[in-house]
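Open your viewer and switch to a cartoon view.

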Amino acid sequence: MPKTHLKVVGAWGNLSQYKNFELPFWSREITERSKGAVTAEITPFNEMGLKGAEIFRLMRLGVIDFRLHGARLCRGRRRPQRGRRPRRARPGRRDRAQGLGRHKPVYDKFYREKFGIQVLGIWPYPA
């Protein structure tokens with residue numbers, strides 16, 4: 001595997017999702033698991049001073065490689081659901097990930113057409 005350095009924009013830096021999962025994964029685990037072939041720098045979204053759609057434009061330009069975010073960052077005319085909203089994940093609900101997964105084709109199409117980027121996954125946001 002060739003040496004690769006990734007630029008990542010994480011969630012809000014004060015949330016447990018960022019502190020407990022995103023930061024450790026991108027700052028340490030990915031390097032350890034790839035035996036040093038992949039390194040990454042992650043910056044919390046709220047420390048960048050940018051709006052959601054601006055991040056997507058930077059991704060299209062190749063400035064940012066990965067973005068971890070909630071779909072609500074994309075408001076107004078650019079919402080992927082166009083009136084259809086994924087069911088909100090409720091604690092204790094066994095199929096919450098499957099429910100979100102059913103909407104992945106909608107998100108795939110929206111982000112590919114509007115921003116030229118690929119959705120890699122959807123999960124309930126526990127923050």
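Helices (H or I, at least four residues) and strands (E, at least two) are DSSP runs, numbered from the N terminus. Along the sequence the pattern reads β-α-β-α-β-α-α. This is a predicted model, where local features need pLDDT of at least 70, side-chain atom pairs count only at pLDDT 80 or more, and totals for chains, interfaces and linings use all residues. Residues are numbered from 1 along each chain as its sequence is written, and side-chain values use heavy atoms, with hydrogens and water left out.

Now colour by pLDDT, the predictor's confidence in each residue, from 0 to 100. The chain's mean is 79, and 72% of its residues reach 70 or more. Select helix H3 (residues 96-101): among the elements, H3 has the lowest mean pLDDT, 62. Strand S2 has the highest, 96.

Next, select the strands. In what order do the 3 strands form the sheet? The order is S2-S1-S3, in an open sheet with parallel pairing. S2 and S3 (66-67) stand at the edges with a single partner strand each, so one side of each has no neighbour in the sheet. Two strands pair if DSSP finds at least two bridges between them.

Zoom in on S1 (residues 4-10) and S2. They pair in the parallel sense over 7 bridges. Thr4 stands opposite Val38 in S2. Leu6 stands opposite Ala40 in S2.

Show the side chains of S2 (residues 38-44). In a regular strand, side chains alternate between the two faces of the sheet. Which residues of S2 lie on the covered face? They are Val38, Ala40, Ile42 and Pro44. Thr39, Glu41 and Thr43 make up the uncovered face.

Last stop: select Lys35, in the loop between H1 and S2. Lys35 has a positive phi of about 55°, although it is not a glycine. Is Lys35 buried or exposed? At 77% relative accessibility, Lys35 counts as exposed. Buried means under 20% relative accessible area, exposed over 50%, partly exposed in between (1.4 Å probe, protein chains only). Zoom out again: of the 127 residues, 32% count as buried.
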